[in-house]
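Colleague: Please take me closely through one part of this model, in a single connected account, and give the cut-off behind each term as you use it.

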Amino acid sequence: MSLTPAKPVLVANEEASKRPSREQALEAVRTLIAWAGDDPGRPGLIDTPKRVVDAYGEWFDGYDADAGKELSRTFEDVTGYDDMVVLRDIEVESHCEHHMAPFLGKAYVAYLPGEKVVGISKLARVVEIFARRLQNQETLTNDIIEAIESHLQPRGVAVLVDAEHQCMTTRGVHHRHVSTVTTRFTGAFKDDPALMDRFLKLARG
């Protein structure tokens with residue numbers, strides 16, 4: 001009997017090796033500058049590819065970060081605390097996957113601790129990790145909540161993201177000051193309308 005070889009598991013450095021080189025990225029920026037109608041070799045633009053690639057390295061460093069690792073250090077002594085933990089006004093700086101344009105806003109995150117709590121800075125870091133990837137706002141909202149659900153096993157999680165999308169304000173319909181709000185609730189937040197409403201009031205503070 002023949003056995004089908006197991007599919008190899010890609011580790012992080014193997015995934016990274018699939019990325020284009022820095023020089024290829026620089027050349028891609030030069031190509032876009034030329035496509036836009038300018039000369040990538042003129043004095044004002046000659047260093048632009050380097051700046052753009054460095055900026056992309058910062059804007060999208062969420063691909064190299066692990067939200068699970070951030071949530072892995074938990075504490076079990078909560079001295080009987082059983083109400084929600086809420087973080088408000090977490091900065092969101094992300095880019096939409098459709099136009100690679102920024103969307104900027106705030107995230108509001110709450111969870112009802114089960115047996116474990118996590119440092120509050122870790123929740124903000126989880127938002128940051130997922131924000132620094134290409135996606136839509138709905139995916140960002142889901143990713144945040146699923147990471148918290150998976151690693152903390154809380155009694156419920158609530159997430160609200162409120163952001164303005166530059167692909168809508170600087171192109172297309174050109175409507176400014178229009179924000180997009182996405183929400184998702186799990187566990188007790190989903191089952192108890194009063195609890196959901198209390199979170200929304202605290203988020204809107």
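**Around Trp-59**

Modeller: At 40% relative accessibility, Trp-59 counts as partly exposed, because that class covers what lies between buried, under 20% relative accessible area, and exposed, over 50%, with a 1.4 Å probe and protein chains only. This is a predicted model, in which local features need pLDDT of at least 70 and side-chain atom pairs count only at pLDDT 80 or more, whereas totals for chains, interfaces and linings use all residues. Residues are numbered from 1 along each chain as its sequence is written, and side-chain values use heavy atoms, with hydrogens and water left out.

Trp-59 belongs to helix α3, residues 48-59, where helices (H or I, at least four residues) and strands (E, at least two) are DSSP runs numbered from the N terminus. For the rings, Phe, Tyr and Trp (by its six-membered ring) pair if their centres lie within 6.5 Å, with planes under 30 degrees apart called stacked, over 60 edge-to-face and the rest tilted. By this rule the count comes to 4 aromatic pairs. One of them joins Tyr-56 and Trp-59 in a tilted arrangement, 5.7 Å centre to centre with 50 degrees between the planes. About one helical turn separates these two, because Tyr-56 and Trp-59 are 3 residues apart in helix α3. Tyr-56 also pairs with Phe-60, here edge-to-face, at 5.2 Å centre to centre and 75 degrees between the planes. Tyr-56 is partly exposed at 34% relative accessibility, whereas Phe-60 is buried, its relative accessible area being 11%.

A salt bridge is a side-chain nitrogen of Lys or Arg within 4 Å of a carboxyl oxygen of Asp or Glu, and a search of the whole structure finds 16 of them. In one, the side chains of Arg-22 and Asp-54 meet at 2.9 Å, N to O. This pair links distant parts of the chain, with Arg-22 in helix α2 (residues 22-36) and Asp-54 in helix α3, 32 residues apart. Both partners are partly exposed, Arg-22 with a relative accessible area of 42% and Asp-54 with 35%.

For comparison elsewhere, Glu-70 forms a salt bridge with Arg-125, their closest N and O atoms being 3.7 Å apart. Here Glu-70 lies in helix α4 (residues 67-70) and Arg-125 in helix α5 (residues 120-131), so that distant parts of the chain, 55 residues apart, are linked. Glu-70 counts as buried at 19% relative accessibility, while Arg-125, at 25%, counts as partly exposed. Between strands, Lys-106 and Glu-91 meet through their side chains at 2.7 Å, N to O; because Lys-106 lies in strand β3 (residues 102-112) and Glu-91 in strand β2 (residues 85-96), the pair ties together parts that are 15 residues apart in sequence. Finally, salt bridges that share partners join Asp-61, Glu-70, Lys-122, Arg-125, Glu-128 and Arg-132 into one network.
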